[in-house]
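Visitor: I've got a model open and a few things to ask about it. Can we go through it piece by piece?
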Amino acid sequence: METPAPRHFLRTIIADDLREGRVAEVVTRFPPEPNGYLHIGHAKSISVNFGLAEEFGGRCHLRFDDTNPEKESQEYIDAICADVRWLGYEWAGDVRFASSYFDQLYAWAQHLVREGKAYVCDLDADQAREYRGTLTEPGRNSPYRERSVDENLDLLERMRAGEFDEGSKVLRAKIDMAAPNMNLRDPILYRIRKRAHHQTGDRWCIYPTYDFAHGQEDAIEGVTHSICTLEFEDHRPLYDWFIDNLPVDCRPRQYEFARLNTSYTVTSKRKLKLLVDGGHVDGWDDPRMPTIAGMRRRGFTPAAIRRFCEMVGTSRANGVADVAMLEHAIRDDLNANAPRAFCVLEPLRVVLTNYPEGEQETLTLPRHPSREDLGSRELTFGRELFIEADDFRESANKKYKRLVLGKRVRLRGAYVIEATGVDKGDAGNITTVYAELVPGTLGEDPADGVKPKGVIQWLHSATARRATVRRYDRLFAHPSPDRDEDFLQHLNPESLVTVDAALVEPAAADAGPEARFQFERLGYFVTDRHGHGPGTPLFNETIGLRDSWGGGEGQDA
């Protein structure tokens, strides 16, 4: 039986609106700007907007607020659509764009001018900043504030025609330059940007600001609950002012919740872009990035991300979620669902001296210890094997539960063996371990009563497949990397270690892209969605079996 979703203030508001008949159908929207890849904070917003619409039988729109063509691209649009779908959501109708409403927004800007509530201003950026005032001092009226309606309409049309240079003129709302809320101090509605737009081409050279466009887009689409993060709380009076002063057919209402921040993470698009452009990571979908594309490539699951977003809750209290909570959600999901496989990162040759040369047998192992529905897998077993180099010592204390000279260990799903000798190279390094197979121990304890000290993974030399394994750790070594402007100083130099000569079992090597596994005793891994393929097995470490940072126990192998 599923645990009911916890109650939060947005659920209460929507339930009350439906019960009281204030809305007949819930309509939400997710309105990203197409100027970067989505990150873990956006995943929370997606889960809130799409999740609430889904829960209350409503609709959620995917709308791109594409009002700044200088920083936008089709690449980001495609990536955002893919991210939303990968998380398990589907938007109502077609993908929507603010640019689809440019004609209507411009007509509404003209309406404000005719009503004496907007004017064309010639102050440059520095002058406008000076006139705006401060948090403790009121602003001053622009010397262009009292232009006539006819003059303003003429100038606005000439702005649209491309007659003026960028930065020479803007259209501003006429509200109150002494308002305590600085967002109401005659905000900009339109600015000149002589840039081609990815949707409208060269049709426009003036573009609306986000503040002017956003609420009106909601009204056009019939959005009932415009849900955003708390940094837009001070913008709500402006959102409402536009709705109050324009002839819109629908009155959406804005509600704010606390954005999702996680430790050991930066989510500023500017800083993420610096990581990409500076070559500190291998693109926006580098598995160390907090982008949805990066988490997907790392092997995180949509279910785990959605579960994490539910776990952190939805409130109006800002805070920082411990990234260990996200890691717990990932481990929990993968422990329950990821099939098991063997991988040897640092192979050490083992020869079973009492196993017949030239012979081999096929062993059947479960793909999951508690999921019969996942079936079984077959591994060959023979005289020559590989084990992890760390799983053998010539001598060790009692705490070492692996293979030691003169001691026994069980090979997972196979026999008990006892080490008898070694070969060493010129530098004294062990190159081969010799061992004897204890007869009658396939699935049974030794008849002589001498039980093995531990269990280790193994691979048959004839069928083991070479693979590249990328071992990932957190990108930043400090829990608050963006506390300093120079956040790059907190990069973790050990965030990526590449193992080029690992060995994996055939079923894992032959799996398709984005196949997840628990490599027993090592951690959870996924086949890379780009580089993995026939003849080039490539695995990314998703997460370890246990929390090496916080000391948690994690899941057993």
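Predicted model: local features only at pLDDT ≥ 70, side-chain atom pairs only at ≥ 80, totals over all residues.

Visitor: Start with helix H2. How many residues has it, and what is its reach?
Guide: H2 covers residues 40-55, which is 16 residues. From first C-alpha to last it reaches 21 Å, close to the 22 Å expected at 1.5 Å a residue.

Visitor: Is H2 mostly covered or mostly exposed?
Guide: Mostly covered, with 14 of its 16 residues buried.

Visitor: And what follows H2?
Guide: Gly 57, which has a positive phi near 70°.

Visitor: Switching to strands. In which sense do E8 and E9 pair?
Guide: Strand E8 (residues 225-229) pairs with E9 in the parallel sense, over 5 bridges. Within that pairing, Ser 226 stands opposite Gln 254 in E9.

Visitor: How does the chain get from E8 to E9?
Guide: Through helix H8 (residues 236-245), in a right-handed β-α-β crossover.

Visitor: Why call E9 largely enclosed?
Guide: Because 4 of the 5 residues in E9 (residues 253-257) are buried.

Visitor: Now the loops. Which residue sits between H13 and E25, and what is its phi?
Guide: Glu 514 is found in the loop between helix H13 (506-509) and strand E25 (516-519). Its phi is near 65°, a positive value in a residue other than glycine.

Visitor: Why does Glu 514 count as partly exposed?
Guide: Because its relative accessibility is 23%, and buried means under 20% while exposed means over 50%.

Visitor: What about Arg 521?
Guide: Arg 521 also isn't a glycine, and its phi is positive, about 70°. Arg 521 lies in the loop between E25 and strand E26 (523-527). At 28% relative accessibility, Arg 521 counts as partly exposed.

Note on methods. Residues numbered from 1 in each chain as written. Heavy atoms only, no water. Helix = DSSP H or I, 4+ residues; strand = E, 2+ residues; numbered from the N terminus. Buried < 20%, exposed > 50% of the residue type's maximum accessible area, 1.4 Å probe, protein only. Expected span 1.5 Å × (residues − 1). Pairing = 2+ DSSP bridges. Right-handed = clockwise from strand over helix to strand, strands pointing away.
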